[in-house]
Amino acid sequence: MAGRFEATVVIDRPIEEVFAFLADGENDPKFSPRVVEIAKTTEGPPGVGTVYASTVKDAGMTTKREFRLTAFEPPTRIRWAEVSKNLVTAPEGGYELVRDGSGTQVTIYNVLEGHGPGKLIAPLALRSARKGADDFANAIKRAVEAS
């Protein structure tokens, strides 16, 4: 069974600036302590089809992950799908950006899904992600505003 978590935050930066920061997946370590390293593995600027490969540490386990951008609509929408095989994956996720005065409202979401023995872990991962979603959104806000 898959489950979704999301959070929304207002960032004190213009929408184009926020989109550019979030579109560059190599910025993820600036707001996600889970991401040990990340690199774009496809040529050219970010867009539909761009793949990012990362090493992530969750609950003491280190895993390799790959995400492909599935929608890229500047300056309002980025979507991704995890293409790597792990016990718990994010088959769908994204950012939704909306102008909010001189700032930008950002909603981030991920759908988490367990595979094999990961079906037992997925509910715990989802509960943890939901509990930390607002903190995660605020970490994005701090990273964008500091850039």
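Select R99 and E16: their side chains meet in a salt bridge, 2.9 Å from N to O. R99 sits in strand β6 and E16 in helix α1, so this pair ties together parts that are 83 residues apart in sequence. Keep in mind that the model is predicted.

Now check the surface around the pair. R99 is exposed, with a relative accessible area of 54%. E16 is partly exposed, at 43%.

**Next stop: E96 and R79**

Stay on strand β6 and pick E96. The side chain of E96 meets that of R79 in a salt bridge, 2.5 Å from N to O. This pair links distant parts of the chain: R79 is in strand β5, and the two residues are 17 apart. Is R79 buried or exposed? At 12% relative accessibility, R79 counts as buried, because the cut-off for that class is under 20%. E96 is partly exposed, with a relative accessible area of 32%.

**Then E17 and R13**

Select E17 and R13. Here too the side chains meet in a salt bridge, 3.2 Å from N to O. E17 counts as partly exposed at 33% relative accessibility. R13 also counts as partly exposed, at 21%. How many salt bridges does a search of the whole structure find? The search finds eight.

**Into the largest pocket**

Move to the largest pocket, which holds about 1200 Å³ of space. To centre the view, select R34, V56, D58, N110 and L112; of the 43 lining residues, these are the closest to the pocket centre.

Colour the lining by element next.

Which element gives the largest share of the lining? Helix α2 does, with 10 residues.

**Last stop: a nonpolar patch**

Show the surface and select M61, L87, L120 and I121. They form a nonpolar patch with about 380 Å² of accessible area together. Zoom in on M61, in strand β4. M61 counts as partly exposed, at 45% relative accessibility.

Conventions: Residues are numbered from 1 along each chain as its sequence is written. This is a predicted model: local features need pLDDT of at least 70, side-chain atom pairs count only at pLDDT 80 or more; totals for chains, interfaces and linings use all residues. Side-chain values use heavy atoms; hydrogens and water are left out. On a 1 Å grid over the protein atoms alone, a cavity is a set of points where a 1.4 Å probe fits but cannot get out, and a pocket is an open set with protein on both sides within 12 Å along at least five of seven lines; lining residues have an atom within 4 Å of a point. Grid points are joined across faces, edges and corners, and a volume is the space filled by probe spheres set on the points. Helices (H or I, at least four residues) and strands (E, at least two) are DSSP runs, numbered from the N terminus. Patches are made of residues with over 30% relative accessible area and no salt bridge: like charges are joined within 9 Å, nonpolar side chains (Val, Leu, Ile, Met, Phe, Trp, Tyr) within 5 Å. Accessible areas come from the Shrake-Rupley method with a 1.4 Å probe; for residues, only the protein chains shown count as cover. A salt bridge is a side-chain nitrogen of Lys or Arg within 4 Å of a carboxyl oxygen of Asp or Glu. Buried means under 20% relative accessible area, exposed over 50%, partly exposed in between (1.4 Å probe, protein chains only).
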